[in-house]
Structures are given as C-alpha cells and as structure tokens.
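I opened a new page for this model. The notes below record what I looked up.

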Amino acid sequence: MALATAEITTSNDFGPAVGLSCRECGTRYPLGPSFACIECFGPLEVAYTWSGPDFDGAAPVTREQIAAGPANIWRYRALLPVPADVAAKPNLAPGWTKLVKADNLARELGLRSLHVKDDSGNPTHSFKDRVVAIALEAARTFGFHTLSCSSTGNLAGAVTAAAARAGLDACVFIPADLEEPKIVMASVYGGRLVGIEGTYDEVNRFCSELIGDPLGDRWGFVNVNLRPYYAEGSKTLAYEIAEQLGWRIPDQIVIPVASGSQLTKIDKGFKELIKLGLVEDKPYKIFAAQAEGCSPVSAAFKAGREVVQPVKPRTIAKSLAIGNPADGPYVLDIARRTAGAVEDVTDAEIVDAVRLLARTEGIFAETAGGVTVGVLKKLTEKGLLDPEAETVVLNTGDGLKTLDAVASGARPTAVIRPSLDAFRTAVVENS
Amino acid sequence: MSVSVRIPTILRTYTDGAAEVTGEGATLRDVLQKLDADYPGIGARILDETGSIRRFVNVYVGEEDVRFVDGLDTPTPDGAQVSVIPAVAGG
Ligand SMILES: Cc1ncc(COP(=O)(O)O)c(C=O)c1O
Ligand SMILES: [Zn+2]
C-alpha cells in the first residue's frame, strides 16, 4: 500500500487520546494517520480515556489547573490529543482570543447579553491556527516532512506559518481565484502554494487523490489524513468561551459553516465539559450560518431534509465556499437536537453585517464574520433567537483578508487643504 | 464500456493494494456491480443497505460529483474515470 507508511505510535505521544473511533458506527482504530472508517466511510474521531464506557467520572484536569496554564490552547492540553510537553515544541501557540462584550451591537439588535468571540486575534488572523496546531503535532509524531492542506484561504496561511515555525516543508492547495490578501499570506511564510483551476471542492478532491498516491506519501494534509487531530482543535473554542464566561456554557451560539467541522467540534467541546463536570449541565442552542450563495446545509434544514445536496458556490464569502460540506449532516443533527437553526444571508447582507460589527464594536471581520453576524441579525428579526438569552457569536477571521468586500464604500469623508477654513467649510458646516 | 476506477486507500485491501482497476458498465450502477463481482465485498462498502451511495462517500465520473448528474444512473462512457473518495474536513 502506498500510504500507511507512518507507524502507529504509543498513546503517550497523544496525551489522553487512546484511539480513533468512527462517529457513525463506533468501530475503533489505533491512533494513526487515518481519517475514514473502513466499514462505513464515516469520519474518525479521537477517543479519550474519559470518552469510553470505562470512564470513572474523575475529570483528567481541574478548572484551577487549566486556569494556571498558558494563555493559549495548550491550557487545555489534558483534553487534547497532544503530549504533555507540547507547549515546549515550536508552534504558533494560538487561542485564548478575546471574548468581547458587545453591548453596542446587542443594543442595536435588541439583545440583552451578547459576546463576540474574536478569533481574528490568532497568529494568522483566523481560527484555523487552532486546528493546525493540533494537526502539526500529529504530523511531527507520524514523521511527515511536509505539512499540507486543501484550503479556501485561511487554512493555507495557517499551515504555511505553522510549518515555518516548526521547520517543516509546506505545500498548500487553494482555488486559484482567492482574495489577494489570503494568497499573500499563504505565500509569505514560504513553502509552496499551488493554485488549482477550480472550486474548493475540486481542490479537496485533488488532495484526496494525492493522499492515495505515492506522490503524496509522507505528506500530512491537515484536513485530510490528519483530520481527526485537526478537527479536535475547534473544541478549544468551546472550552475558551465557557471558561471566559466564568465556566458557563452560553444559552445560544451562532457559528459559521463551511464544511461544518468547526461547529460539530464546538458542540463536542461543550458536551465534554458537561460530561467532565467542568461546567453545569444545561441546554444550549447552536445556530449555523451560511452564505446564501453557498447554503447547502441551510437549504436542507429549511426543507426538513436529512440529506445535504451539494451546490456550486457563488458568494463573496469565499472562506465558507464549500459546496459539498463533509460534516453537513452533523450540522443538521446538532441544530435540530439543540433546538437551534441554520440560516443564510445574501452577499449584500454580509457586507452590511461586516460594517455593522465594525461600526458598533470596533471589530473588523472578514466576510465569514459578516455571514455570522448577518445571520445573528436575521435570526433575531425572525424571532428564532431568544433576545433575553446569553448569546455568543463567532468572528472567525480578519477583515483585512477580504478588504475588497467593503472597499467600494470606503473613502475619506472629505479631502481638503490643511487649513482651518477648508475644514470648517467641508467638514463642520457640511455635517 | 471500459472505465477505470480509482480506489481510495481504505478500500485497497479488496483490490490487493491496487489504486486503480478496470471496470465495465454503461452506468455507475453497472460499474459498481461489476466491481463487486470482481472484488467481492467492495460494493457494500460504497453502497449502504438501501443500495444508495453512502453518506460520507463522494463518487465522481470524470470531473463531476455524480450527485450533480444522475447519481447511480450517471452514464459511464468508454474511457471514463470513476473515483471513489471519502469526505474530508473543510479548510
Ligand atoms: C474564517 C472561517 N470561518 C469559518 C470557517 C468554517 O469552517 P468549517 O469548514 O470548519 O465549517 C472557515 C473555513 O475555512 C473559515 O476560513
Ligand atoms: Zn464506521
């Protein structure tokens, strides 16, 4: 077989992780660079000492131990598939981003309590640094020499930056027509950046085939053969939000959806905190946000369907432009199980929402954040979101990466000579 | 019609490690039936109990995801490339 080169390592290298298990049928596998179940093609997830039936109820870590940890995702390392000394190895140490109390936006939308979890504060300015940090550690353990991914843009930058810090080669794949700033970021850290003529789904397909080919041997694709580890990184968003709220899960949360991986793992993170007794057990609602031009999950939700029919994306929210979302069925399940919803917004609504968040809270989101805040607004107007409940909305990326989306309306209020008279005439008397 | 079928790593135990095998059939359904005759058991990995393509598998004929065409009834012209690919996380 071409792949299966990396040998399976001892569970010590993965901290509390004890194996992989199929999310669909529960079949167990040893820890390794595998990502799909041989029985049913279901996604493999990391299983822990405490996730099995033998769990004795004693949490592997206390709130106090977590609080004494570093101000990054490694404060949760006891809950992640990483070795105890992970923080000492070169990595970008992402996470512990701000949870901003958004009173101005709350007032504007008529909400009582709203926070923005602002992941634009990560090292490469998107939440992708979280998932890459875990996948990088797995790549090192499996002995992969090249860190790779298929990407809608943000992941590419996170991967090339992490590889640079770790001293690995990088080769990342993107649709050729991405936003300029994302292309700049993905290439500035070095490594190779390959633009594919096609959509993200076609990039994904290409990378999946590369994995099964001798050409891709010894390559760690963070979102393909390292997917189980990668995906666990998103749980840290759930942990941080709960800890930053004073060890409490919010009543409702709005999360953007491309493949649906992040949303699925935030739900897993909340459930783990409850299971481990680190937070009080309480109901929470998960709302999913998509762009209308790429809303296969929202369409399925609204039609009451179980099956997510893929679409060909057409939206300015390019980071969310995945027409064939692998975790789409789980997003549907989670939205339904938690009494949440899946909603979508138009490109115009996305731009309005980027401006709204910037104008009210001083947070400049990329288009994905516009999708999420736009959906927050729409859900509130439709009465699907409880205005009295404690609400968190995610901003997963930085507005500087999608400047074009809001550039057309951006110009100086006035251009004048440097004189008080000119200022009085043009600015003061004109306003 | 003779087509080539790309086999994902997790199914290569059925094909003796071969990454690509020859197939036969006028539609994807026929091709998968023949594939299962040649490599017994492989069909049930790709199709579920109801005979539909499993939820977490993507099947392509040429460049197209068959869900954009006719699913299992998608025509497989001579020389077509069929690919079976597990779903992966987004990026
Ligand atoms: C900024 C941003 N937010 C959200 C997402 C959604 O991620 P997922 O594929 O996990 O749903 C992405 C994916 O690329 C992204 O770049
Ligand atoms: Zn399975």
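My entries cover the metal site, the ligand site, and then the voids.

Set-up. The model is predicted, so I took local features only at pLDDT of at least 70 and side-chain atom pairs only at pLDDT 80 or more, while totals for chains, interfaces and linings use all residues. Residues are numbered from 1 along each chain as its sequence is written, chains are lettered from A and ligands numbered from 1 in the order in which they are written, and side-chain values use heavy atoms, with hydrogens and water left out.

Zinc. I looked up the donors of the zinc ion (ligand 2) and found the SG atoms of Cys22(A), Cys25(A), Cys37(A) and Cys40(A) at 2.3 to 2.4 Å. Donors are N, O and S atoms within 2.8 Å of the metal (3.2 Å for Na, K and Ca); water is not among the atoms, so sites may look incomplete. Along the chain the donors of this zinc ion have the spacing C-x2-C-x11-C-x2-C. I noted the arrangement as tetrahedral because the four donor atoms subtend angles of 99 to 119° (the rule for four donors is that all angles lie between 85 and 135 degrees). I then checked burial, where buried means under 20% relative accessible area (1.4 Å probe, protein chains only). Cys37(A) is buried at 0%, and Cys40(A) is buried at 13%.

Ligand 1. I counted a residue as near if one of its heavy atoms lies within 4 Å. There are 18 residues around ligand 1, and those that come nearest are Asn154(A), Ser259(A), Gly260(A), Gln262(A) and Thr396(A). The site is shared between chains, because residues from chains A and B surround ligand 1. For polar contacts I used pairs of N or O atoms within 3.5 Å. A polar side-chain atom of Thr396(A) is 2.6 Å from a nitrogen atom of ligand 1. Oxygen atoms of ligand 1 lie 3.2 Å from a side-chain N or O atom of Thr152(A) and 3.4 Å from a backbone N or O atom of Ser261(A).

Voids. On a 1 Å grid over the protein atoms alone, a cavity is a set of points where a 1.4 Å probe fits but cannot get out, and a pocket is an open set with protein on both sides within 12 Å along at least five of seven lines; lining residues have an atom within 4 Å of a point. I found four cavities of 30 Å³ or more. The largest cavity has a volume of about 220 Å³, volume being the space filled by probe spheres set on the points. Its lining has 22 residues, with Phe127(A), Lys128(A), Ala258(A), Ser319(A) and Leu320(A) closest to the centre. The second largest pocket has a volume of about 540 Å³. Of its 23 lining residues, Val307(A), Ile53(B), Arg54(B), Arg55(B) and Phe56(B) are closest to the centre.

Note on methods: Tetrahedral: all angles 85-135°; square planar, octahedral: opposite > 155°, others 65-115°. Buried < 20%, exposed > 50% of the residue type's maximum accessible area, 1.4 Å probe, protein only. Polar contact = N/O pair within 3.5 Å; in protein donor to acceptor, adjacent residues only side chain to side chain.
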